[in-house]
Amino acid sequence: MSPLHSRLLHNPLSPLAALTITFRTFRTFNTSHSRPLSKISLLGRLAAEPELIPTSSGQDVIKYAIGTTSGPRDNRQTNWWKVANFTSEGPARDSFMGLGKGSLLYVEGNCTMNKFQDKEGNQQSAMSIVQRHVEVLDRRNSDGSSGSGEPEI
């Protein structure tokens with residue numbers, strides 16, 4: 001290393017020193033996460049009106065299902081997704097509870113796979129999705145009328 005580079009690197013006021021410090025900061029990362037991260041994004045229509053369900057801890061949870069379709073028109077396939085929403089009481093929750101069947105939603109959430117045994121003893125699995133963000137793209141009110149979308153609930 002030349003003496004000029006050495007002086008620039010060791011001078012805290014030098015832009016090159018700031019670059020080196022930043023580079024070293026970004027190089028110190030860990031590739032293993034303390035908890036796994038699984039995210040999902042869904043664009044689909046509400047299967048039915050959302051349900052407000054109280055939990056044993058006293059916090060309410062909104063549960064709803066979204067249908068997504070894929071494939072060509074003559075061979076469309078629909079997938080159904082169950083989503084949980086832990087939005088606290090307020091205008092955002094009231095607005096969401098007013099959504100009707102067929103509302104178009106964009107949902108981002110965290111997902112986990114749960115395994116269980118059904119009544120016959122067969123091993124089953126189901127994906128649980130906890131909503132982190134939702135946007136209403138086409139609002140259908142509970143009475144079936146259309147309304148304007150309300151972004152970021």
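The side chain of Trp81 makes a polar contact with the side chain of Thr68 at 2.9 Å, a polar contact being a pair of N or O atoms within 3.5 Å, of which, within protein, one must be able to donate a hydrogen and the other to accept it, while residues adjacent in sequence count only if both atoms are side-chain atoms. The model is a predicted one, in which local features need pLDDT of at least 70 and side-chain atom pairs count only at pLDDT 80 or more, whereas totals for chains, interfaces and linings use all residues. Residues are numbered from 1 along each chain as its sequence is written, and side-chain values use heavy atoms, with hydrogens and water left out.

Trp81 is found in strand 4, where strands (E, at least two residues) and helices (H or I, at least four) are DSSP runs numbered from the N terminus. When neighbours within four places in sequence are left aside, Trp81 is in contact (heavy atoms within 4.5 Å) with Ile40, Leu42, Tyr64, Ala65, Ile66, Thr68, Met127 and Ile129. For Tyr64, which lies 17 residues from Trp81 along the chain, the separation between the two C-alpha atoms is 8.4 Å.

The protein chain as a whole contains three helices and seven strands, which follow one another from the N terminus in the order α-α-β-β-β-β-α-β-β-β. Of the contacts in the chain with a separation of 6 or more, 52% are accounted for by residues 24 or more positions apart. The chain exposes about 11100 Å², and carbon and sulfur atoms supply 53% of this area, as computed by the Shrake-Rupley method with a 1.4 Å probe, only the protein chains shown counting as cover for residues. Buried residues make up 23% of the 153 residues, where buried means under 20% relative accessible area, exposed over 50%, and partly exposed in between (1.4 Å probe, protein chains only).

Arg139, in strand 6 (residues 123-140), counts as buried because its relative accessibility is 8%, and a polar atom of its side chain lies 2.9 Å from the backbone oxygen of Ser95. Arg93, found in helix 3 (residues 91-97), likewise counts as buried because its relative accessibility is 8%. Residues up to four places away in sequence not being counted, Arg93 touches Leu52, Asp60, Ile62, Thr87 and Ser88; the C-alpha atoms of Arg93 and Ile62, 31 residues apart along the chain, are separated by 8.6 Å. Leu99, in the loop between helix 3 and strand 5 (104-117), is buried with a relative accessible area of 0%, and its C-alpha atom lies 8.3 Å from that of Leu46, 53 residues away in sequence.

The largest pocket holds about 350 Å³ of space. Among the 18 residues that line this pocket, Lys63, Tyr64, Lys82, Val83 and Ala84 are the closest to its centre. On a 1 Å grid over the protein atoms alone, a pocket is an open set of points with protein on both sides within 12 Å along at least five of seven lines, and lining residues have an atom within 4 Å of a point. Strand 3 (60-70), strand 4 (77-85) and strand 6 each supply at least two residues of the lining, the largest share, six residues, coming from strand 6. By class, the lining has 12 nonpolar, two polar and four charged residues.

Definitions and conventions:
On a 1 Å grid over the protein atoms alone, a cavity is a set of points where a 1.4 Å probe fits but cannot get out, and a pocket is an open set with protein on both sides within 12 Å along at least five of seven lines; lining residues have an atom within 4 Å of a point. Grid points are joined across faces, edges and corners, and a volume is the space filled by probe spheres set on the points. Ala, Val, Leu, Ile, Met, Phe, Trp, Tyr, Cys and Pro count as nonpolar, Asp, Glu, Lys and Arg as charged, and the others, Gly among them, as polar.
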